[in-house]
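User: Could you take a close look at one helix and tell me what it packs against? I'd like the neighbourhood around it too.

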Amino acid sequence: MKTIFEKSNGNDGINLTDSVADITFLPKEILRQDKLGLPQLSELEVMRHYKKLSDMNFCIEKGFYPLGSCTMKYNPKVNELLANLDGFNIHPNTEDDDAQGCLELMYNLQNVLLEITGMDAVTLQPSAGAHGEMTGMMIIKKYFETIGQNRTKVIIPDSAHGTNPASAKMAGFDVVEIKSNDKGQIDIEALKQVLNSDVAAIMMTNPNTLGIFEEKVLEISELMHKNGSLLYYDGANFNAIMGYTNPKLMGFDVVHLNLHKTFSTPHGGGGPGAGVVAVTDKLKDILPVPIIKFNGKKYYREYNLQNSIGNVKDFFGNFSVLVRAYAYILMMGKNLKHVSENAVLNANYLKEKLKKYYNLPYDEPCMHEFVITGEKQKEENGVSTLHIAKALMDGNTHPPTVYFPLIVHEALMIEPTESENKERLDEFVQTMIQIAEECKSDPQKVLSSPHTTPVKKIDEVTAARHPDLNFKE
Ligand SMILES: *Cc1c(COP(=O)(O)O)cnc(C)c1O
């Protein structure tokens, strides 16, 4: 397909000359002399071009999207309607007095998030999960500074999301990795061995990235706190536990949530997100500013926190994501609990159906996601997980997350979310069974997939070494 520049045929869609602002006051030397090299196409042709491009993309509206750890649930369209209401179209520099409705929404969102997490104070400012992690790590760093302790290390299990060690490092900590045990959980003995007065915190994900609940979490939090250390909870995927338990009950001091995953904002491709961070009482003065407060009459942004780490993002954060999350939470109400139930049920259903055909490294009840592997197919038929993932694309399915977590060879990490019904899950099972069978009967077909997508097999080495950023036919 040609780019929009190559398609340009000199047919202006609209005539801008009538609406051009008066620019006679601008000095001559800064005015453009040549014609601006914009493509010229009729409005209809432009629409067709972009529609065609968007049709080439895969999205949740097109089919099943079980991308583990990414929670690609259905994002209700009413969220978009609400986020686009005139009153929420707020200018970054709006004064508090003129932003009462927006601040009220933020204030209420803070409160419901505190109820969901069990924590005592929260910031809505960070703009992504990784940003929330770094904010949380900076809070922990500052906490130890304020109590006069020099703690330099953060413990992270080997199953953690890659952003965890990156965030700890960026906040100035050294990362100590600990191995998981044969149940896919933190090995308490390994933890005890690295615990000393240098340790500031442990970063945990629970359920962890294998989709397994850390049964020893209370023992771990007791150990950490006895050691004077803190516990950080990566709550990017909160889908498994909402309404059943919370990080506070598990003994955590800091938690971040990805509003754009659990609370339904379309994400991926680096789009806007919100990685809110909630903390317990003893850390609340260290949160970044502003915090939204209410004095009985007026909502306002509080900048005056005693030990605040300062600004992590300007203005109102990613405000439209906050609107979507608040809309979703209000819409679900107490039914948020059923989100968790169905997310967990769907994952266990798929796991049980698929384990006859694919290796299941940890045969335990799972939470909202689980990990199977393509090891059997690789050994017996020479077809690796990468090829299985590509073959799924021919079945109108987005591939699961592959080769993560790193501790599982040939991993396929599957997260169906609560949005899907049984018929859709059964279809996915059938597709996976068919691929497993084709690995035996016609491995060449799987190896050469995908066959039906707009872009076929990609030469990944060339793509990485010589990226061609203009898409051409
Ligand atoms: C997605 C994810 C993150 C990072 O979130 P971003 O918004 O992509 O920065 C961190 N931890 C876990 C477990 C995740 O799934």
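Analyst: Let's start with helix α5 (residues 129-146), which lies across β2 (153-157), β4, β5, β6 (254-257) and β7 (277-279), running at about 170° to β5. Some ground rules: this is a predicted model, where local features need pLDDT of at least 70, side-chain atom pairs count only at pLDDT 80 or more, and totals for chains, interfaces and linings use all residues. Residues are numbered from 1 along each chain as its sequence is written, and side-chain values use heavy atoms, with hydrogens and water left out.

On terms, helices (H or I, at least four residues) and strands (E, at least two) are DSSP runs numbered from the N terminus. Axes are lines fitted to C-alpha atoms, for helices over the stretch in contact, with angles from 0 to 180 degrees between N-to-C directions. Contact means heavy atoms within 4.5 Å.

Now the sheet: it is open, has seven strands in the order β1-β7-β6-β5-β4-β2-β3, and its pairing is mixed; strands pair if DSSP finds at least two bridges between them. At the edges sit β1 (121-123) and β3 (174-178), each pairing on one side only.

Back to α5, whose axis comes within 8 Å of that of helix α6 (residues 163-170), crossing at roughly 40°. That makes α5 and α6 oblique to each other (under 35 degrees is roughly parallel, over 145 roughly antiparallel, 65 to 115 roughly perpendicular, and the rest oblique). On the α5 side, Ala130, Glu133, Met134 and Met137 meet Thr163, Asn164, Ser167, Ala168 and Met170 in α6.
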